[in-house]
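Welcome! Here is a short briefing to read with the structure open beside you.

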Amino acid sequence: MGTNSSLPDRGQSAPKSPFARLSAVYGVSDGELSSREKKKKASKFATLRRKLIRVRRHSRSLDYGKSLRELISSWHVRDVSALVQEYEALVSLKELALAANLARPNASTLRQDLSTLYDWKLCTDVDLLYKGTCFPAHRSLLAIRSPFFRDLLSRYPDYGVSVPVKLKTSGVDVTLFSALLRYLYTDELNTQELNLENSEILQKLALEFGVPNAVEHDLRTLLETGEYSDAVLVFSTETEQYDLMTASTSDASHAMQYSNRTSRLEFPCHKAILAARSPFFRNLIIRRARSGEELTERALHTRSRIVLDESVISRRYARVLLNAIYQDCVDLSCIVRGSSSMCSLSEVQAMVSSGKCQMTMVDEAMEIYQIGQFLDFTVLSQGSEDIIVDNISTDNLTSVLNWSSEAHGSPWVHRQGLHYLKEEFIQIAHSPVLHDLSKEYMIEALRSDFLQAGELDVLIAVLKWGEQQLVRRIEEREPNLLSHTAHSVAKKGVKKRDLNDVELRDILADILPLVRLDHVIPYSNDTLNGAIKRGLVSTPPSHMIGDESPGHKICAWVRGKNNGIYVRPRLFIPYYEEAKSVLEDQLSLAHEQDSSRVRMINMSSIPDTLYMVEDRHYTMPYALSPASTVDIIAGTIPVPDRNTLVTMLQREAELQRSRVAQRAYALPYSDKRAVSSQIQLRVVREFGLPDNTVEVMTNSQYYYSEETRFSERRYIASPARKKHSPVLSLSPSPPYSPTVNEASSESVLSDTMPDIAMATSSMSQLHMHEDFELDIGDGNSHHGTLYI
């Protein structure tokens with residue numbers, strides 16, 4: 001499916017070229033400068049712009065990296081190596097998490113739906129007779145696709161007529177004729193199944209039938225011309241629907257007059273294509289056929305009228321809907337704009353609630369998404385989702401999150417909105433949008449190991465957010481007599497010293513503990529000290545209550561020697577890059593000093609059970625214990641049928657064998673339980689099930705009979721699934737064919753963070769004398785000996 005999600009912004013002029021801006025500055029017109037001067041000035045401007053961007057980005061990363069370098073420069077090489085390995089384990093886990101966030105069910109394509117239309121013989125209007133076999137088919141598709149059938153069917157204009165087919169080409173049996181009909185529907189011809197001895201028959205058939213255009217091209221012709229249409233979409237209000245019903249039950253002349261009066265609301269279409277693309281239209285057309293309405297329409301030689309309530313589906317989106325049905329893409333340029341009568345009630349309410357005079361592209365995509373959900377048309381829904389996500393910005397983030405969290409919103413968009421919040425947290429923290437974030441979204445962001453912000457920035461943002469919430473409380477408590485006056489809090493403002501720290505601590509009670517205070521660097525900063533003095537922080541960081549030795553400070557960053565104070569660091573990219581740089585410097589220095597000295601460092605990984613205890617900031621989505629029977633009976637957790645479960649477990653095993661998962665399982669500090677959880681989340685989302693279905697996959701023994709679980713073991717390697725860690729092999733893995741969203745998951749992290757390389761040069765140097773003996777099959781330990 002292709003979606004036209006990269007549309008130009010409306011109401012904005014094209015951006016001026018660098019030369020045009022320079023011309024305005026120098027007061028010279030375009031024609032007065034030579035081409036050489038244009039190129040010279042443009043190149044200078046572009047070079048300066050690139051330098052400014054590079055300096056700005058580098059300086060910001062340099063500030064963060066400087067703080068971490070000052071902290072870890074005095075560490076031993078093994079401790080820096082452990083920190084880098086911790087980051088690399090998070091890199092692999094983030095790659096799996098991104099793939100899980102992007103997962104959603106595949107929308108059936110236009111060709112797949114037309115193939116189903118041919119198989120199920122829906123809404124057929126002509127019967128082809130060939131060698132004693134009847135082939136129900138669709139006149140519009142055959143006529144637009146083949147000149148042979150266009151000429152043949154023009155001699156049999158009646159509905160449901162039987163048309164004998166005689167071919168000049170010899171050697172065409174019933175099987176080949178059926179394959180040719182399918183080709184006209186789908187542009188796909190499987191010659192291997194036809195067992196053709198040579199291609200001469202196909203060449204002769206191409207001359208006789210005519211070589212059709214691409215199916216999308218021919219359907220566009222049907223849409224634009226309305227040729228062979230047998231239905232019409234009518235968008236009307238309740239009053240117009242009553243008039244239409246009256247016109248349809250009266251004489252033909254009255255119906256014709258009404259049709260002329262409302263022609264601007266009608267859009268010709270084809271029942272077969274509507275039925276193929278949308279279950280809503282398919283059920284409606286089948287119900288009309290069973291009620292006998294089609295018999296009346298055929299007797300009057302009129303097209304079927306499909307009336308849509310404009311309060312639900314606005315007529316301004318009619319061409320967007322039809323374009324998606326016929327072309328498999330969502331194009332917002334097809335929206336009819338500029339008329340107040342074109343707005344539906346829901347659109348007016350949306351504009352009033354948001355205070356906007358005009359709907360934005362994101363608002364329109366939200367409306368179209370709901371239309372797709374109403375019509376059960378996945379292509380329209382997912383195309384709208386893509387447009388919304390492509391246009392998420394800091395300004396509309398709050399509205400996107402609020403809309404997507406509603407019952408009528410999109411969970412997929414909600415996940416992408418939360419991802420944007422985590423990736424752009426620093427930018428959001430310095431904008432007014434921070435104050436509009438709900439407590440739920442703040443908690444969701446701070447719980448993540450992938451939040452892109454230094455812990456000091458996180459602490460500052462939390463304090464700013466809490467103070468703003470306290471100011472809003474004060475405004476709400478203000479008497480009505482003072483509200484909106486010159487003496488009100490909203491007008492005068494509240495000074496920081498006037499805020500009640502006790503009440504502020506109550507507001508931040510659930511949020512401030514999520515700040516990883518042990519990782520707030522530099523340690524001597526006024527923000528942290530001020531929060532402690534104000535009583536907002538109940539437990540100071542470990543470096544303030546322990547000894548001043550460097551080893552004690554390392555304990556909060558490196559596992560294995562934690563003494564109960566270890567806190568998993570976030571995967572903040574500047575920290576990760578700086579840690580790799582420090583490790584490379586230390587390895588280079590050690591090599592220069594004495595390359596002959598080799599010392600052994602024993603590296604071991606803590607068993608998985610201890611990972612679960614120590615990863616205090618990583619919250620597993622679902623517990624391993626089975627859900628209550630009440631939740632299952634109430635339908636809170638849907639239990640898939642046996643065949644679906646087996647297919648899901650097969651998909652899980654397939655993803656566990658992928659390169660990304662194998663790398664994540666093999667890393668020393670990888671949390672294998674979290675890796676398996678992300679893989680299972682991806683599976684249930686690909687199958688269109690809610691996230692809590694992961695609990696059913698993990699504990700299938702509680703929901704399925706022994707016979708069903710025996711069938712599972714026939715198809716699935718149960719040890720790999722139960723231990724959350726499939727047995728790894730050092731031999732090359734079998735060829736892996738990408739399936740749902742797998743092709744993009746390999747590069748999704750590199751697109752988000754292009755500076756990350758999974759096999760880093762620092763770790764390559766660290767492992768240049770490695771002699772590992774992996775034993776990961778038991779899911780408990782993987783020890784190795786590393787020589788430097």
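This is a predicted model: local features need pLDDT of at least 70, side-chain atom pairs count only at pLDDT 80 or more; totals for chains, interfaces and linings use all residues.

Let's begin with a proline: Pro522 is found in the loop that runs between helix H27 (501-507) and helix H28 (526-533).

**Backbone features to look for**

- Most residues other than glycine have a negative phi, and most peptide bonds are trans.
- Lys131 is not a glycine, yet its phi is positive, at about 50°.
- You will find Lys131 in the loop between E1 and E2.
- Is Lys131 buried or exposed? Lys131 has 57% relative accessibility, so it counts as exposed.
- Asp187, another residue other than glycine, has a positive phi near 65°.
- The place to look for Asp187 is the loop between H7 and helix H8 (191-194).
- Asp187 has a relative accessibility of 19% and therefore counts as buried, since the cut-off for buried is under 20%.

**A sheet and the helix on it**

- Three strands make up an open sheet; their order is E2-E1-E3 and their pairing is mixed.
- Strand E2 (133-137) and strand E3 (161-164) are the edge strands, each pairing on one side only.
- On average, and ignoring direction, neighbouring strands of this sheet are turned by 30° against each other.
- Strand E1 (residues 126-130) pairs with E2 in the antiparallel sense, over 5 bridges.
- Which residue in E2 is the bridge partner of Val126? The partner is Ala137.
- Helix H7 (residues 174-186) packs on the sheet and touches E1 and E2. The direction of H7 makes about 5° with that of E2.

**Aromatic pairs**

- A pair of aromatic rings is described by the distance of the centres and the angle of the planes.
- How many aromatic pairs are there? With ring centres within 6.5 Å as the rule for a pair, the count comes to 13.
- One of them joins Tyr369 and Trp403: the ring centres are 5.4 Å apart and the planes stand at 80°, so the pair is edge-to-face. The cut-off for that label is an angle over 60 degrees.
- This pair links distant parts of the chain, with Tyr369 in helix H18 (residues 361-375) and Trp403 in helix H20 (residues 397-405), 34 residues apart.
- Both Tyr369 and Trp403 are buried.
- Phe572 and Tyr575 also form a pair: their ring centres lie 5.0 Å apart with the planes at 80°, so this pair is edge-to-face.
- Phe572 counts as buried because its relative accessibility is 4%.
- Tyr575 has 6% relative accessibility, so it counts as buried too.
- Together with Tyr64, Phe572 and Tyr575 form one aromatic cluster.

**Charges over rings**

How values were computed
Residues are numbered from 1 along each chain as its sequence is written. Side-chain values use heavy atoms; hydrogens and water are left out. Rings of Phe, Tyr and Trp (its six-membered ring) pair if their centres lie within 6.5 Å; planes under 30 degrees apart count as stacked, over 60 as edge-to-face and the rest as tilted. Helices (H or I, at least four residues) and strands (E, at least two) are DSSP runs, numbered from the N terminus. Buried means under 20% relative accessible area, exposed over 50%, partly exposed in between (1.4 Å probe, protein chains only). Two strands pair if DSSP finds at least two bridges between them. Axes are lines fitted to C-alpha atoms, for helices over the stretch in contact, and angles run from 0 to 180 degrees between N-to-C directions. Contact means heavy atoms within 4.5 Å.
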